[in-house]
Amino acid sequence: MSLSIYLTGARGSGKTTVGQALAQALGYAFVDTDHHLQQVTQRSVAEIVAAAGWEGFRQRESESLRAVSAPATVIATGGGMVLSEQNRDFMRQQGTVVYLNAEVGTLAARLQAFPHDAQRPTLTGRSIVEEIEQILVERAALYQQTAHHMVNASHPPEQVVQQILNVLSPARG
Ligand code: ADP
Ligand code: MG
């Protein structure tokens, strides 16, 4: 199998961390749509949102998804990538979609331990826990319906990678 593998899930679910390790295990390339977008625009997510609004950001994010999609590539997607039906359909058609599922408390603990990884601007001024909860309520169904496979992303990264290898190719053990 040499299709794209798309990792979806909330901020802090480990898409970048797990994606890099998964790519290494498979001998695949690794790309991150957020990173691609920042390289192309030479702007941070916060700067793009400030200049173009969330709608403009989503548009560019969708373009990044298409630009980075390639065979034998693990693609870590921005947390909001599943909000667009076109993106959901595109990912399912182009490859295998894996949802990194973790509970609010786990996500919050990771983002609080590494605030640098929580780069998105909070528009509301709410606490990080409240914001993550709200986002998961809004997106959980989209993550689930988009995914071919869901894995438990609360485990250490190497175990999450192993779960993904198992669902991609059950015989691999
Ligand atoms: P995402 O790309 O989904 O936003 P990251 O891979 O950037 O998530 O991970 C966010 C933070 O959580 C990082 O500090 C990372 O080291 C940590 N982290 C990621 N996955 C795990 C994991 N499975 N177990 C423990 N910590 C993790
Ligand atoms: Mg990431």
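Ala, Val, Leu, Ile, Met, Phe, Trp, Tyr, Cys and Pro count here as nonpolar, Asp, Glu, Lys and Arg as charged, and the others, Gly among them, as polar. By these classes, the shell around ligand 1 has 7 nonpolar, 6 polar and 4 charged residues. The structure is a predicted model, in which local features need pLDDT of at least 70 and side-chain atom pairs count only at pLDDT 80 or more, while totals for chains, interfaces and linings use all residues. Residues are numbered from 1 along each chain as its sequence is written, and chains are lettered from A and ligands numbered from 1 in the order in which they are written.

**Ligand shell**

A residue is near a molecule or strand if its C-beta atom, placed from the backbone, lies within 6 Å of it. Of the 17 residues around ligand 1, those that come nearest are Gly14, Lys15, Thr16, Thr17 and Phe114. Two elements give two or more residues to this shell, namely helix H1 (15-26) and helix H7 (157-168). H1 gives the most, with 4 residues. Helices (H or I, at least four residues) and strands (E, at least two) are DSSP runs, numbered from the N terminus.

**The sheet**

Five strands form an open sheet in the order E2-E3-E1-E4-E5, with parallel pairing; two strands pair if DSSP finds at least two bridges between them. Strand E2 (29-32) and strand E5 (149-152) stand at the edges with a single partner strand each, so one side of each is left without a neighbour in the sheet. Neighbouring strands are turned by 25 degrees against each other on average, direction ignored. Strand E1 (residues 4-8) and strand E4 (residues 95-101) pair in the parallel sense over 5 bridges, and leucine 7 stands opposite valine 98 in E4.

H1 packs on the sheet, where it touches E1, E2, strand E3 (73-76) and E4, and its direction makes about 175 degrees with that of E3. Helix H4 (residues 85-94) lies across E1 and E4 and runs at about 120 degrees to E4. Angles run from 0 to 180 degrees between N-to-C directions, and axes are lines fitted to C-alpha atoms, for helices over the stretch in contact.

**Helix packing**

| Helix pair | Axes | Angle |
|---|---|---|
| H2 (33-41) and H3 (45-68) | within 9 Å | roughly 115 degrees |
| H1 and H7 | 9 Å apart | about 55 degrees |
| H3 and H4 | within 11 Å | roughly 10 degrees |

Angles under 35 degrees count as roughly parallel, over 145 as roughly antiparallel, 65 to 115 as roughly perpendicular and the rest as oblique. H2 and H3 are therefore roughly perpendicular to each other, H1 and H7 are oblique, and H3 is roughly parallel to H4. H2 passes H3 in a right-handed crossing, and the crossing of H1 and H7 is right-handed; a crossing is left-handed if the near helix is turned anticlockwise from the far one by less than a right angle, and right-handed if clockwise.

Residues are in contact if their C-beta atoms, placed from the backbone, lie within 7 Å. In H1, Thr17, Val18, Ala21, Leu22 and Ala25 meet Pro157, Glu158, Val160, Val161, Ile164 and Leu165 of H7. This contact of H1 with H7 has 9 nonpolar, 1 polar and 1 charged residues. Between H3 and H4, Ser62, Leu65 and Arg66 meet Gln86, Asn87 and Phe90, a contact that divides into 2 nonpolar, 3 polar and 1 charged.

Note on methods: Contact = placed C-beta atoms within 7 Å.
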